[in-house]
Amino acid sequence: MEGAQAIGLAALSITFLVGLSRAMILFIVTSGLSFVLGVLRVPNVAHGSLYMIGAFAAYSISVLFGGGSAGFWLALIFAPLVVALVSLIAERSLFRHLYQREHLMLLLFTFALMLILGDLTKIVWGADYRSIMPPTLLRGSVSLFGSPFPKYNLFLLIIGPLVAIGLWLFSSRTKMGKIARAAAVDMEMVGAIGINVSWVFAFAFVLGCMLAGLGGALVSPTISVTIGMDHDIIIEAFLIVTIGGLGNMWGAMVGSLIFGITQSFGILFWPQFAIVFPYLAVVIVLTLKPTGLLKSVW
Amino acid sequence: MFREMIRQKSFGVSVIIFGVLLLAPSFLPRFYIYFLAVIFVTALLAMSLNLCVGHGMIFQFHHGVFYGVGAYTAGLLLAKTSLPWWIAFMAGPLAAAFTGLLIGLFCIRLNRLYFGMLQISLGSLIWAIAFRWYDLTGGDDGIHGIPIPDFIASTTSSYYFVLIVLGICVVLMYLILKSPFGSTLQAIRDNPERCAAVGIHVRRHQLKAIVIATFFGGVAGVLFVVVEGSIYPGLLFWVLSLEIFIMCLLGGWFTFAGPILGAAIIVSLRTFVGTIQNIGPIENVGEYWTLILGVILILLIFFLPEGIMGYNYRQLFRSRMKYSSESQVE
C-alpha cells in the first residue's frame, strides 16, 4: 500500500516536471506571440508556421554540420536567425504597407502568410517525418524521485527561465526594449517624439518570430518534425496569450504553465481525452476572468 | 416586407438564376452537379457566418464548429439509430443552434478579439471530443457511408434537395435582415454605444444573431451529410472556420449575396487547382492549393479589401452608397 502510494507520488512529480518542461517550450513560443500582439496589436496567425520553420531549419542545420552535438548547438543558434530572416522579408516587403489599414486586414494577412509558409515548408522540406538527436550531453535520463527523467527536459527547464529573464532584462533595461514597451502602450506618442514607428514594428515582429523559431529549434529533438506542427501550436499559443493577458510576457508564462501542466496531467489520468483538459482550463479561466489573469497591455 | 423583397431589382435576377439552376441537371454532367451542390452547401455556411460577421460585426471566429455539430448530429442519428430521417435533419440545426446559444452565453460578455479567442477555445473543446471519442464519432477517421434516405440519395435528387433548402434559407435570412431585428443588428454594428443609449439590449440582440446564424450553419451541416454521406472532425477544425471567414471577405462582407460568390470562388479554386497536375516544369501544383489561396488572399487584402461584391456594389450604386455612408456618419 505504502509502496503504491510512493510510486503514485513519484509519477505525479515526474508528470508535473514533464508538464513544466513542455510549458517552457510553450512559453518561448507564446512570449514571442505576446510581444508581437503587444506592440503591433495583431494576433500573428503565422507564428505557428514560423515555429515549424524553426524546427525544420534546426533539422537541416544539424544535418549540415554532421548531425552530431555540434550540429545541434549550431542549429539552436542559426535556426532562429533563419526564421528572423523569413519574417523580416515578409514584414518589409508586404506587411508594413498594411499598418494604416483596418485591423482585420492585418489578421487576415498573417493568416495568408500562414497558408503560404505552410506550403513553402512542404515544398522545401517535403512531407516526411524528421527527427533530431539531442546532443550527447543531453541524451539519456537522470533519476529523479526514483524515476527516470530525460536530461533534455531538464535542459528545457533551465533554458525557459533564462529566456524569460533575458526578455525581461531586454524590455526593462535596454533602450530598444523600452521603446517597444512604450509602443505597446501608446504608439502615437512614440511616433510624436521622433522614433521611426515602422521600424519599431518591424523589430518587434522579427523578435517575436525569432522566439517562435527558437521554440521550434528547441522542440525538435523531443517530437517528430513534420507538416502540421503549425496548426497544433498556434491555437494553443493563442489561448495561452489570451488567458495570460494580451501582450503581457509574464502572462504568457502563467498561461504556458497552466496549459503545459494540465496537458501532462491529462495524459496521466485520461489519455484518450488529454487534449480536452487544457481547453477546459482556458474556458474556466476566461469565464472567471474574461480579460486574462494578468494585466493586458491593451 | 415580403412584397418589398419581390419588388427589388435583384429579386428578378435571383429568380432567373434559381430557375437556371433548377434546370441545370438536365444539361450538366454529373460531376458538375455534385460540384454545384458542394458550392451551395458552402455558400449557405458562409452566408450564415456573414449574418454575424458582416451584418453584426460579431467576430465569430469558429463558425465551423456549428457546421460540424449540425453534420455530426444528423450523421450520427442517421448512422447509429433507426429514427426517421426527418428527425435527424431537424435535430442537426437545433443542436447547432443550442451549441451556439451555449457558447454564445459564455463569449458574449467579451469584446471582439477576446470573444473570438474564447470561441476558438470552446470550439476546439468540441473538436477535441469529436476527434478523440472513437466509439461514438469514429475519431479522426469520422464516419463514412451514412445511409441517406432514398429520395435524396442520388446525385441529382440531393442536388435538388440542397438547392431548394438553400433557396428557402436565403429567403429567410433576407427577411430576417430586413426585419426590425435585422435593422437593429446592423445599427449595433455601426454604433453599439448609441444603440445601448437608446435602450437596445445590445448583448441580447447579438446573442440572438449568433443563435440564428448557428442554426443556419447547422442546416449547412445537414446538407453536407446529404451531399457527401460522411462526417469527419475536419468539419469542426478552426482552419475551416477561417476559410469560411475568407469567403465572406472575398465575396464582400457588407453585402447580402457576397458570401455566395466567395464560397463559389474558393470551392472552385480548391476543386480545380486540386486537379491540376503539372504546369510546365512545376510538378504537382494541385498539392499546393493553400499556397494559391494565401496568394489570392494577399492580393485581396491589398487591392479589394471590401471584397468583389463590395467593389462592384460601390461602382454600380455609387450615389446610393455615398448617401448611406453619409447617413452613417451622421
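Start with B:Val267. Leaving aside neighbours within four places in sequence, B:Val267 is in contact with B:Val38, B:Ile39 and B:Thr42. Contact here means that two C-beta atoms, placed from the backbone, lie within 7 Å. B:Val267 sits in helix α13 of chain B, residues 258-275. Helices are DSSP runs of H or I with at least four residues, strands are runs of E with at least two, and both are numbered from the N terminus. B:Val38 is 229 residues away along the chain, yet the two C-alpha atoms are separated by 7.7 Å. B:Val267 counts as buried because it has 21 C-beta neighbours inside 10 Å. The cut-offs: buried is 20 or more other C-beta atoms within 10 Å of a residue's own, exposed is 12 or fewer, partly exposed is in between, and C-beta atoms are placed from the backbone.

A word on the model. It is predicted, so local features need pLDDT of at least 70 and side-chain atom pairs count only at pLDDT 80 or more, while totals for chains, interfaces and linings use all residues. Residues are numbered from 1 along each chain as its sequence is written, and chains are lettered from A and ligands numbered from 1 in the order in which they are written.

Next, chain B as a whole. Chain B has 16 helices and two strands. Of its 330 residues, 47% are buried. Take its contacts with a separation of 6 or more: 75% of them are between residues 24 or more positions apart.

Now chain A. Here we have eleven helices and two strands. The order along the sequence is α-α-α-α-β-β-α-α-α-α-α-α-α. The radius of gyration of chain A is 19 Å, close to the 19 Å from the globule rule for 298 residues, so chain A is as compact as a globular protein of that length. That radius is taken over C-alpha atoms, and the rule is 2.2 Å times the number of residues to the power 0.38. Along the principal axes, the C-alpha atoms of chain A fill a box of roughly 70 × 50 × 35 Å. Buried residues are 49% of the 298 in chain A. Among its contacts between residues at least 6 apart, 78% join residues at least 24 apart.

The strands of chain A next. β1, residues 141-144, and β2, residues 147-150, pair in the antiparallel sense over four bridges. Pairing requires at least two DSSP bridges between the strands. A:Leu144 has A:Ser147 in β2(A) as its bridge partner. Two residues lie between the strands of this hairpin, and A:Phe145 takes a positive phi near 50° there.

Then helix α6 of chain A, residues 175-185. Its buried residues include A:Ile179, A:Ala180, A:Ala183 and A:Ala184. Seen down the axis, the buried residues of α6(A) fall within an arc of 140°, so they line one face of the helix. The arc is that of the directions from the helix axis to the C-beta atoms.

On to the core. The largest nonpolar core has 203 residues, and A:Val83, B:Val41 and B:Leu44 have the most contacts inside it. Such a core is a set of buried Ala, Val, Leu, Ile, Met, Phe, Trp, Tyr and Cys residues joined through C-beta atoms within 7 Å. Beyond four places in sequence, the contacts of A:Val83 include A:Leu50, A:Ile53, A:Cys209 and A:Met210.

How many residues does each chain bring to the contact between A and B? Chain A gives 31 residues and chain B gives 29 residues. On the chain A side, α4 (103-125), α9 (229-244) and α11 (276-288) each supply at least two residues. α4(A) gives the most, with eleven residues. By class, the chain A side has 24 nonpolar, six polar and one charged residues. Nonpolar means Ala, Val, Leu, Ile, Met, Phe, Trp, Tyr, Cys and Pro; charged means Asp, Glu, Lys and Arg; the others, Gly among them, are polar.

B:Tyr288 reaches across. B:Tyr288 touches A:Asp119 and A:Ile123. B:Tyr288 is found in the loop between α13 and α14 (289-303) of chain B. With 21 C-beta neighbours inside 10 Å, B:Tyr288 counts as buried.

Last, two backbone angles. A:Arg41 is not a glycine, but has a positive phi of about 60°. A:Arg41 lies in the loop between α1 (2-40) and α2 (47-64) of chain A. B:Met57, also not a glycine, has a positive phi of about 55°. B:Met57 is in the loop between α3 (30-56) and α4 (64-80) of chain B.
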